[in-house]
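Thanks for coming. I will go through one structure today, starting at one end of the chain and moving on from there.

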Amino acid sequence: MGERRVNLSPSDLTFSWDGCHRELWLYYNHQVKAPMFMPTVAELAESQESYFMNKSAPLSTSAMHPDIPEGKIVDHGGWVLSKPIQIDGKDSHLSIRGKYDLLVEFPDATYGIIDCKMQARTSDKSGFYSPQLEAYAYALENPAKGEAKKISMIGIYSWSVPQAWGNVKAGFGYRVNSNWYPAERNPQALQDRFNEFITMINGECPPSKDGCDHCKYLGEREAILKKS
Ligand code: SF4
């Protein structure tokens, strides 16, 4: 068991928030985290992001998708740390800390954040991931140290996998479609999510998620082990 966390990961505002609040409460108050196994997800995301990263001669966003506003891809996997998140005008115990996928610099000296995803099927998830994208923007616009950056674009870039191709001699692969889903900037929605998140973390331990198979397994396991 560890100390209370002081860093809020942007992905916990979307994917984890949508899951089990009890699990988040345990992690943020005691650093007890459920083991997670996501085979190849990290490797696929890394290969997708680094495909467009060239630090010595930055690529244009047009290399990714024609609908992304024209800019240079200047960084990949950069860490951000924000000032403490404010709730009702006062500093909370949490700051945003996380790693964005791609950072774009525009000719007007503003920046864009692109979150990269692999998808089995094409679907627009920009609404779902909006708080996560906003959280990166918040951290870059309100950094704990250094100069603030103005964020003028956020969005999801995905590769979806419609079909396999190739042959036994050349080898097999997947042909991917590239998709661009811009998200509207919405700082108020992020502040609302901060309020909900921090209120939950500061409250009593939430109940188990309805119908959770893992909780059921743990309960049955404990009952058997107690008897034996
Ligand atoms: S076992 Fe299920 S209900 Fe219990 S904390 Fe984990 S996800 Fe939540």
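**R5 and its surroundings**

Leaving out residues up to four places away in sequence, R5 touches Y27, Y28 and Q31; contact here means that two C-beta atoms, placed from the backbone, lie within 7 Å. Before I go on, note that this is a predicted model, in which local features need pLDDT of at least 70, side-chain atom pairs count only at pLDDT 80 or more, and totals for chains, interfaces and linings use all residues. Residues are numbered from 1 along each chain as its sequence is written.

R5 sits in the segment before β1 (7-8). For element names, helices are DSSP runs of H or I with at least four residues, strands are runs of E with at least two, and both are numbered from the N terminus. R5 counts as partly exposed because it has 17 C-beta neighbours inside 10 Å. The scale is this: 20 or more other C-beta atoms within 10 Å is buried, 12 or fewer is exposed, and in between is partly exposed, with C-beta atoms placed from the backbone. R5 and P143 are 138 residues apart in sequence, and their C-alpha atoms are 18 Å apart in space.

One of the contacts of R5 is Q31, which lies in the loop between α2 and α3 (41-50). Is Q31 buried or exposed? Q31 counts as exposed, since it has 12 C-beta neighbours inside 10 Å. Its phi is near 55 degrees, a positive value in a residue other than glycine. Most residues other than glycine have a negative phi. D88 also has a positive phi, about 50 degrees, and is not a glycine. D88 is found in the loop between β3 and β4, and is exposed because it has 6 other C-beta atoms within 10 Å.

**The chain as a whole**

The protein chain has six helices and eight strands. From the N terminus, the order is β-α-α-α-β-β-β-β-β-α-β-β-α-α. The C-alpha trace spans about 60 × 55 × 25 Å along its principal axes. The chain has 228 residues, of which 25% count as buried. Of the contacts with a separation of 6 or more, 65% are between residues 24 or more positions apart.

Which residues of the largest nonpolar core touch the most other members? They are L102, I113, Y136 and A137, in a core of 37 residues. A nonpolar core is a set of buried Ala, Val, Leu, Ile, Met, Phe, Trp, Tyr and Cys residues joined through C-beta atoms within 7 Å. At least two residues of this core come from each of β3 (79-87), β4 (90-99), β5 (102-105), β6 (111-119), α4, β7 (151-167) and α5. Helix α4 gives the most to this core, with eight residues. Apart from neighbours within four places in sequence, I113 is in contact with Y100, L103, L133, Y136, A137, I151 and I154.

Helices α4 (residues 126-141) and α5 (residues 187-202) pack at an angle of about 100 degrees, and their axes are 9 Å apart. Axes are lines fitted to C-alpha atoms, for helices over the stretch in contact, and angles run from 0 to 180 degrees between N-to-C directions. That angle makes α4 roughly perpendicular to α5, a label that covers 65 to 115 degrees. In the contact, S130, P131, E134, A135 and Y138 of α4 meet P187, A189, L190 and R193 of α5.

Also in α5 is D192. D192 is exposed because it has 12 other C-beta atoms within 10 Å. D192 and P131 are 61 residues apart in sequence and 9.6 Å apart in space, C-alpha to C-alpha.

**The T122 loop**

T122 is in the loop between β6 and α4. T122 is partly exposed, because 14 other C-beta atoms lie within 10 Å. Beyond its neighbours within four places in sequence, T122 is in contact with S160, N177 and N179. The C-alpha atoms of T122 and S160 are 5.6 Å apart, at 38 residues apart in sequence.

**The ligand**

Last, the ligand. The residues around the ligand are C20, R22, E23, A34, S208, K209, C212, H214, C215 and L218; a residue is near a molecule if its C-beta atom, placed from the backbone, lies within 6 Å of it. Two or more residues of this shell come from each of α2 (21-30) and α6 (213-227). Helix α6 has the largest share, three residues.

Terms used. Parallel < 35°, antiparallel > 145°, perpendicular 65-115°, else oblique.
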